[in-house]
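Me: Please go through this structure with me. I will ask about the fold in general and then about a few residues.

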Amino acid sequence: MPVRKCPVLIETHQGRSPTGFSALPSAQPFEISLALREMGWKAYRVRFDPAAVAWVASVIDWGIAA
């Protein structure tokens, strides 16, 4: 029986964009956060969006904030 994975999206002021990896819906937010840190992202909020069937990680776009 195949296990369905959900995409992980990065959310910035410009909207959502894919990260290129996926995770189980039953994963914990800290697992997603650690995987994103390995890719160079620093998420301040990680949540599962049931409407989009995806993990969404909010990050600050420091280029715009400065």
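Me: In what order do the elements of the chain run from the N terminus on?
Reply: This is a predicted model. The chain has 2 helices and 4 strands. From the N terminus, their order is β-β-α-β-β-α.

Me: What radius of gyration does the chain have, and why does it agree with a compact globule?
Reply: The C-alpha atoms fill a box of roughly 50 × 25 × 15 Å along the principal axes. For 66 residues, a compact globule would have a radius of gyration near 11 Å, and the value for the chain agrees with that: 12 Å.

Me: What share of the accessible surface of the chain belongs to carbon and sulfur atoms?
Reply: Of the 66 residues, 29% count as buried. The accessible surface of the chain comes to about 4,600 Å². The share of this surface that belongs to carbon and sulfur atoms is 58%.

Me: How far apart are the centres of the positive and negative side chains?
Reply: The chain has 7 positive and 5 negative side chains.

Me: Which residue in β2 is the bridge partner of Cys6?
Reply: Strands β1 and β2 form a hairpin, with 2 residues between them. The two strands run antiparallel and are joined by 6 bridges. In β2, Cys6 has as its bridge partner Ala23.

Me: Is Leu9 buried or exposed?
Reply: Leu9 is found in strand β1, which covers residues 6–12. Leaving aside neighbours within four places in sequence, Leu9 is in contact with residues including Arg16, Pro18, Trp55 and Val56. The cut-off for burial is under 20% relative accessible area. Because its relative accessibility is 16%, Leu9 counts as buried.

Me: How far apart in space are Leu9 and Asp61?
Reply: In sequence, Leu9 and Asp61 are 52 residues apart. In space, the distance between them, C-alpha to C-alpha, is 14 Å.

Me: What is the relative accessible area of Ser58?
Reply: Ser58 is found in strand β4, residues 54–59. Not counting residues up to four places away in sequence, Ser58 touches Glu11, Ala43, Tyr44, Arg45 and Arg47. Ser58 is buried, with a relative accessible area of 3%.

Conventions: Residues numbered from 1 in each chain as written. Predicted model: local features only at pLDDT ≥ 70, side-chain atom pairs only at ≥ 80, totals over all residues. Heavy atoms only, no water. Rg over C-alpha atoms; globule rule 2.2 N^0.38 Å. Buried < 20%, exposed > 50% of the residue type's maximum accessible area, 1.4 Å probe, protein only. Areas by Shrake-Rupley, 256 points an atom, 1.4 Å probe, with all protein chains shown as cover. Lys, Arg positive; Asp, Glu negative; His and termini not counted. Charge placed at Lys NZ, Arg CZ, Asp CG, Glu CD. Contact = heavy atoms within 4.5 Å. Pairing = 2+ DSSP bridges.
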